[in-house]
2 protein chains.
Amino acid sequence: MFFLAKNKTTKIFMDIDLISKLTEKNDSKMILLVIDGIGDLSTKENPLTPLEYAKTPNLDKLTEDASCGQIYHVGHGITPGSGPGHTALFGYDPLKYEIGRGVLEALGIGFNLLPNDVAARGNFCTLDENGNITDRRAGRISTEENEKRVKVLKEIKLPSIEAFVETVKDYRFVLVLRGEGLEDGVTETDPQKTGVPPMEVRPLNPNAKKTADLINLWMKEAKNALKGMEPANGCNLRGISKDPKIPKMPEIYKMRFAAIATYPMYRGIAKLVGMDVLETGSTLEDEIKTLKENWENYDFFFIHVKKTDSYGEDGNFEGKVSVIEEVDRYIPEILSTKPDCLVVTGDHSTPVSMKSHSWHPVPLVLWSKNARKDDVKEFSEKSCYKGCLGTFHAKEIMPLMMAHCMRFTKFGA
Amino acid sequence: MFFLAKNKTTKIFMDIDLISKLTEKNDSKMILLVIDGIGDLSTKENPLTPLEYAKTPNLDKLTEDASCGQIYHVGHGITPGSGPGHTALFGYDPLKYEIGRGVLEALGIGFNLLPNDVAARGNFCTLDENGNITDRRAGRISTEENEKRVKVLKEIKLPSIEAFVETVKDYRFVLVLRGEGLEDGVTETDPQKTGVPPMEVRPLNPNAKKTADLINLWMKEAKNALKGMEPANGCNLRGISKDPKIPKMPEIYKMRFAAIATYPMYRGIAKLVGMDVLETGSTLEDEIKTLKENWENYDFFFIHVKKTDSYGEDGNFEGKVSVIEEVDRYIPEILSTKPDCLVVTGDHSTPVSMKSHSWHPVPLVLWSKNARKDDVKEFSEKSCYKGCLGTFHAKEIMPLMMAHCMRFTKFGA
């Protein structure tokens, strides 16, 4: 029924198959509000986490009529990237459904990737006179320097297919190939060390031979084109991948899904799993407005709040607190749409003290008239894990939301 | 990359493969302190468990700056033997990575098992004049009587290979075969009932035919040698196995592992998973001295405390309390080495009231500057399960320790 992902020997889709079988339609509506990087740590300097410190009367009130818990997205101790963090929230096991780095990089800059495009993450590097790599990141050139070289690379023509090149940031770019017969399943060019040249890519299956040949040809042309453009006079391609053809959420859950997100990466992932990505502005106010305007047209809304993660990455405690308080102020307006189930959680922790994503579980509140109420009275790291949902995998959120909206039939007689 | 264990149809090493891919090196150091059989039960006679009753100010203080939880080692309701209890603590799923009984028995007496040796657990039994078993444990003969018979069995010669026989205890002994072309994957001789003779062993795969033939020959010789030595005039061989070639911890985690343990069984298991087994004395003081002396040379230290389990098996409440209090007194000295992560837990419960291993989960404290602090203020069965790590599988401890020492990269972009 579902597509089998490539490059894997065994793939069992039992969970999603089961879910699909149990699913029934009704008129219920649900909202998944993802506060990016919401989880944090208490430290000596900040004995309260941003979430504990922030004034969140509305989120706290929500917990009183709700079930609480904490979630992990990949496994204990594993720090999720944005891709796996979100596929887990959308009900997929990120170890089974992997989105390639090339695809994620393309989605991250808002590139309109088509289902059969092959995308690669590109890194500029420095080559010596013998063609050996001396710096895998080309001295971390500026985005401006990057753009000069991308302009040159855009000129490369390949036989019978299109090749798009776009700047990402610093020494990173994206290459996308579009045309007939392209497949992923090829090795990378990056030897992961200096003193040797970029490697030719090899097909990992017979179908990928054409793609491998084209990429090797493109690499040769790129080397010529970048000649003399030190320090970024060479490049490597990694994570060569295409849309992983993940089973689409509307098919699995028989619902109309809408994504309200301001950043390209999250809009892109939502599109990959089959959501309609709604046009919206750059503020949370815009996002809530979009929610209300589209309320009648969808059954499920994914709303993404980015700035908590950004402030976490910056080590900005007050900034993170202010975004949390802003989200809190919008909770009554979100509830005014009268959803049958509202889940508020995150895609991973981004502790201010670590300035990066981390493996620490993320608090979750599941609000619904059918939710079993527990004793949690506050939306925070330290209170939610004591809730009646305990510690669980993020991929269980979708089944829980479906159940609370009475969209699952009984399993067995 | 890793060896596939035999006698299993499907083996997926995804977890360990994934861990291996995420692993990065740094200078952090970690300690896993295993208090054998630490978990216990409260009863009418002892309303506090030994851990609750013992004065443990240092362990309690540790919990305040730490994440707490409780672990199970195989599955809910499954009582782990020492082998599975420890492989789980070392990050392996004991249902995937099994160590045969013959190998465990050999390790338990400190036999220096080589990677290609085949080891069997031997039980003396009583045979009647027709060669049928009348008592599968030979009237539970004394260790002294056992030794007399082992002396006789040591004389048995096999063509082209060596056969070692060693007393274990009471009616139990170990047989180890050493030489070219030996494989495990043979059936056992023990029919598990009386009134029938020991069975010939059969190879379960073509490679094991030579081993099966040699064991059948050895059994014939043993029967002759033991003739007239009633009540132990026969024997059975069980758990015929070799080093399971478990993926080695230093390869998976890219660290230097040291084991500090006084009992042969734990030293042997540590060796099987690739740890360096350090010479040490018989007391906890000796073990801590060994830790400090070797601090610079390793990244990971497994310290094993045995006596809690022994007192549990003896039903000795006060004895178990006294060992726990002794461990507690050494916590400051352990912390004085300045580890980046310290985990204190056990390999299973050994309730005093049951005088045996049990299935009850074991409390755990994970101390690290990167740990999320919870409300647990005491190291005990009743407090730790309320911690922020919740209830989890012991095999997750290694990923958690790696994460807290910043030795894992992010999964996905």
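**View 1. Strand 2 (residues 66-72) and strand 13 of chain A run parallel and are joined by four bridges.** Within this pair, G69(A) stands opposite G390(A) of strand 13. Strands (E, at least two residues) and helices (H or I, at least four residues) are DSSP runs, numbered from the N terminus. The model is a predicted one, in which local features need pLDDT of at least 70, side-chain atom pairs count only at pLDDT 80 or more, and totals for chains, interfaces and linings use all residues. Residues are numbered from 1 along each chain as its sequence is written, and chains are lettered from A and ligands numbered from 1 in the order in which they are written.

**View 2. Eight strands of chain A form an open sheet with mixed pairing.** Their order is 9-8-10-1-11-12-2-13. At the edges lie strand 9 (276-277) and strand 13 (390-393), each pairing on one side only; two strands pair if DSSP finds at least two bridges between them.

**View 3. Chain A meets chain B through 26 residues of chain A and 21 residues of chain B.** Two residues are in contact if their C-beta atoms, placed from the backbone, lie within 7 Å. On the side of chain A, two or more residues each come from helix 4 (82-89), helix 5 (101-108), helix 13 (381-384) and strand 13. Helix 4 of chain A supplies the largest share, three residues.
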